[in-house]
Amino acid sequence: MPGRDLFCRPRRISRGAALTLVFAGVLVTGAATGSFPEPDATARRPVTGPTGTATSHEDVQKAAADAMADGKSPMEAAERAVSRSGDRWGAVYTEGEYQEFQESLDGRYTGVGLWARRERDGRIEVTRVQPGSPAAEAGIRKGDRLRSVDGSKVDGRPVTEVVSLLRGDADDAAAGTPVTLGLQRGTRAWTETLHRASLSTDSVTVRRLPGGVTVIGIAAFTKGSGNAVRAAVRQAPADDGIVLDLRGNSGGLVTEAVDTASAFLDGGLVATYDVDGAQHSLHADPGGDTTRPLVTLVDGGTMSAAEMLTGALQDRGRAVVIGSRTFGKGSIQMPSELPDGSVAELTVGHYRTPSGHAVDARGITPDLDASPGEALPRAETVLTGLGDPS
């Protein structure tokens with residue numbers, strides 16, 4: 001398996017559980033994980049977790065190998081080793097789960113094509129239906145209530161768990177497998193059996209608001225999203241201000257986040273990071289649009305690569321950041337393959353914004369606080385003030 005530096009990966013809940021933030025993001029909120037450019041991945045120093053317990057890839061590999069030699073589960077042994085480490089973001093995945101993750105970074109996923117959110121009263125509401133997906137073909141609409149998945153009630157459950165059920169992660173469900181949804185629209189309640197499909201995501205959306213504002217939403221930094229943002233900026237009318245909406249974006253490929261930064265910066269530092277004690281830096285390409293007014297929207301679901309991008313634009317005075325404090329995921333994980341084909345990831349470093357701000361467990365504080373319903377209107381007002389007075 002090629003080595004890659006990864007961050008914004010969910011912690012594994014239990015054997016067979018969903019890759020919560022990864023796949024929830026692809027299906028629900030655009031969350032994915034992040035990948036730094038490859039540094040020297042040959043030396044793996046111990047990682048110290050919050051509990052102060054040190055572990056390393058070698059420790060996990062040895063635990064897995066010893067278990068296999070004893071006729072026991074290498075994956076379960078690796079999970080115990082990672083758990084003992086106290087590494088908050090350390091995780092172990094089946095070979096199939098990891099393959100699905102790789103596909104999600106390419107903008108593909110297996111599911112039914114629903115985006116959803118949990119309302120204040122615990123209800124799960126459909127917020128978007130992907131055109132051409134099984135959900136769309138079944139007539140499911142935005143605003144419908146999702147009540148159950150394969151007979152399991154979903155009210156009050158985290159959206160990530162709902163996504164796990166929809167995807168069939170516990171059974172490694174493949175495209176073509178059925179899933180029965182309990183739905184409600186107004187007073188009408190019904191069940192619908194869908195068949196999962198291999199779908200492509202549109203991680204970047206563009207819309208134009210009255211008054212000369214182009215909103216570029218990035219659901220996840222999947223392959224090609226940086227180029228999509230660059231194209232959206234080029235195609236926006238010359239007088240338009242830009243709103244970069246990163247709310248609910250739990251990360252993605254860091255190369256794509258840097259490409260996105262390059263759309264708005266003329267070169268320069270995007271972030272610094274350390275891996276196994278070695279320092280590295282990420283830089284934007286020259287030639288970005290540095291004059292167009294820019295506002296970035298964030299919230300508590302803005303994580304990892306999305307926080308890195310936000311920090312770069314904020315620290316370098318390129319964007320006004322509006323919303324609420326971001327999640328605070330600034331650590332880096334690196335994967336290694338175990339003897340049975342499963343994959344273990346451990347934290348190997350952290351990244352900082354251009355001014356040296358540590359993001360992990362702190363997040364990024366917006367320049368202007370705004371509730372979800374107030375964020376976009378406030379962004380429009382700010383863009384008016386940032387525009388050329390002439």
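Modeller: Before we look at any helix pair, here is a term: a crossing is left-handed if the near helix is turned anticlockwise from the far one by less than a right angle, and right-handed if it is turned clockwise. The helices themselves are DSSP runs of H or I with at least four residues, while strands are runs of E with at least two, and each kind is numbered from the N terminus. This is a predicted model, in which local features need pLDDT of at least 70 and side-chain atom pairs count only at pLDDT 80 or more, although totals for chains, interfaces and linings use all residues. Residues are numbered from 1 along each chain as its sequence is written, and side-chain values use heavy atoms, with hydrogens and water left out.

Colleague: What does the protein average in pLDDT, and where does pLDDT stay under 50?

Modeller: pLDDT is the predictor's confidence in each residue, on a scale from 0 to 100. Here the protein averages 83, and 85% of the residues score at least 70. Over residues 1–54, however, pLDDT stays under 50, and for that stretch the model has 222 contacts beyond four places in sequence, a contact being heavy atoms within 4.5 Å. Where pLDDT is low, the predicted coordinates should not be read in detail.

Colleague: How many residues does helix 2 have, and how far does it reach?

Modeller: The expected span of a helix is 1.5 Å times one less than its number of residues. Helix 2, at residues 57–69, has 13 residues and reaches 18 Å from its first C-alpha to its last, close to the 18 Å expected.

Colleague: Which residues of helix 2 are buried, and which are exposed on the other side?

Modeller: Buried means under 20% relative accessible area, exposed means over 50%, and partly exposed lies in between (with a 1.4 Å probe and protein chains only). In helix 2 the buried residues are His 57, Val 60, Ala 64 and Ala 67. They lie on the same side of helix 2 because they cover an arc of only 100° around the axis, where the arc is that of the directions from the helix axis to the C-beta atoms. On the other side of helix 2, Lys 62 and Ala 69 are exposed.

Colleague: How does helix 2 pass helix 3?

Modeller: Axes are lines fitted to C-alpha atoms, for helices over the stretch in contact, and angles between N-to-C directions run from 0 to 180 degrees. The axes of helix 2 and helix 3 (residues 74–85) come within 8 Å and cross at roughly 145°, and the crossing is right-handed. The contact is made by Val 60, Ala 63, Ala 64, Ala 67 and Met 68 of helix 2, together with Pro 74, Ala 77, Ala 78, Ala 81 and Val 82 of helix 3.

Colleague: Is helix 9 mostly covered or mostly exposed, and where does Ser 304 lie?

Modeller: Helix 9, at residues 305–315, is mostly covered, with ten of its eleven residues buried. Ser 304 lies in the loop between strand 19 (294–298) and helix 9, and has a positive phi of about 55° although it is not a glycine. Ser 304 counts as buried because its relative accessibility is 0%. Just after helix 9, Gly 317 takes a positive phi of about 70°.

Colleague: Which residues does Pro 354 touch?

Modeller: Leaving out residues up to four places away in sequence, Pro 354 touches Leu 269, Val 270, Gly 311, Ala 312, Asp 315 and Arg 316. The C-alpha atoms of Pro 354 and Leu 269 are separated by 6.0 Å, although these residues are 85 residues apart along the chain. Pro 354 is partly exposed, with a relative accessible area of 24%.
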